Amino acid sequence: MSQQVPPQDPRPLPGEPLSLDLLNTRWNSGGSPRDLLDSVAGLATWLELNGLAERTTADRATLDAAHAARAAIARLVDHGDGPEARAALNAVLAHGSIDRRLGPDGPVDQVRTDDPAWLPAWQAAADYLRLLAEAPERIRSCAHPDCVLHFHDISKNGTRRWCSMASCGNRAKASRHYARSKPS
């Protein structure tokens, strides 16, 4: 019996909380914009990487719902809180709820959605609310002007600026060094 190999993640910053991971399905590579959710196949990869493939189908309806959630979260993260941005996120959240019960082993929370296609989108939107409740100041965009990635700053002092010190941080430092050492 062979074990299924998880798909390769082409993105430069995997492993963020689900809401930010959804935002990071868009990134720049060599100056060109990339989008993992440009196809149902890309959605299938994202669902698999986030442990959602068993609970929902990678199809056009799920892709459309993921796009709606990504747009709503991006609007809030990149442009701030406003009535239209809140309404867009609340429209995604309106597709589901948490059913709380007492099971034999204790409390059980089960996500319910009006359509299974909305499950990943709803979970990403709910995760964004969780991040806002816990530490909204730790939801960050990379400080590099050419980077579109987002991250949850879990550094001890909360001063992380780059999605990755190895890529964006080094590029910024190299650029500053070049500007200082360039003859005037």
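## The second largest pocket

A pocket is an open set of grid points with protein on both sides within 12 Å along at least five of seven lines, and its lining residues have an atom within 4 Å of a point. In this predicted model, the second largest pocket is lined by Leu23, Arg26, Trp27, Asn28, Pro33, Arg34, Arg70, Ala74, Asp78, Val148 and His150. The space in this pocket amounts to about 170 Å³.

At least two lining residues come from each of strand S1 (26–29), strand S2 (32–35) and H3. By class, the lining comprises five nonpolar, two polar and four charged residues.

## Helix H3 against helix H5

Helix H3 (residues 60–79) and helix H5 (residues 119–134) have axes that come within 8 Å and cross at roughly 15 degrees. Angles under 35 degrees count as roughly parallel, and H3 and H5 are therefore roughly parallel to each other. The crossing of H3 past H5 is right-handed.

From H3, the contact draws on Thr62, Ala65, Ala66, Ala69, Ile73, Leu76 and Val77, and from H5 on Pro120, Ala121, Ala124, Ala125 and Tyr128. These residues divide into 11 nonpolar, one polar and no charged.

## Helix H3 against helix H4

The axes of H3 and helix H4 (residues 83–93) cross at roughly 150 degrees and come within 9 Å. H3 is therefore roughly antiparallel to H4. H3 passes H4 in a left-handed crossing.

On the H3 side, Ala68, Ala69, Ala72, Ile73, Arg75 and Leu76 meet Glu84, Ala85, Arg86, Ala88, Leu89 and Val92 of H4. This contact has nine nonpolar, no polar and three charged residues.

Key: Residues numbered from 1 in each chain as written. Predicted model: local features only at pLDDT ≥ 70, side-chain atom pairs only at ≥ 80, totals over all residues. Heavy atoms only, no water. Axes fitted to C-alpha atoms, helices over the stretch in contact; angles between N-to-C directions. Helix = DSSP H or I, 4+ residues; strand = E, 2+ residues; numbered from the N terminus. Parallel < 35°, antiparallel > 145°, perpendicular 65-115°, else oblique. Left-handed = near helix turned anticlockwise from the far one by under 90°. Contact = heavy atoms within 4.5 Å. Nonpolar A, V, L, I, M, F, W, Y, C, P; charged D, E, K, R; others polar. 1 Å grid on protein atoms, 1.4 Å probe; cavity = no way out; pocket = protein on both sides within 12 Å on 5 of 7 lines; lining within 4 Å. Points joined across faces, edges and corners; volume = space filled by probe spheres on them.
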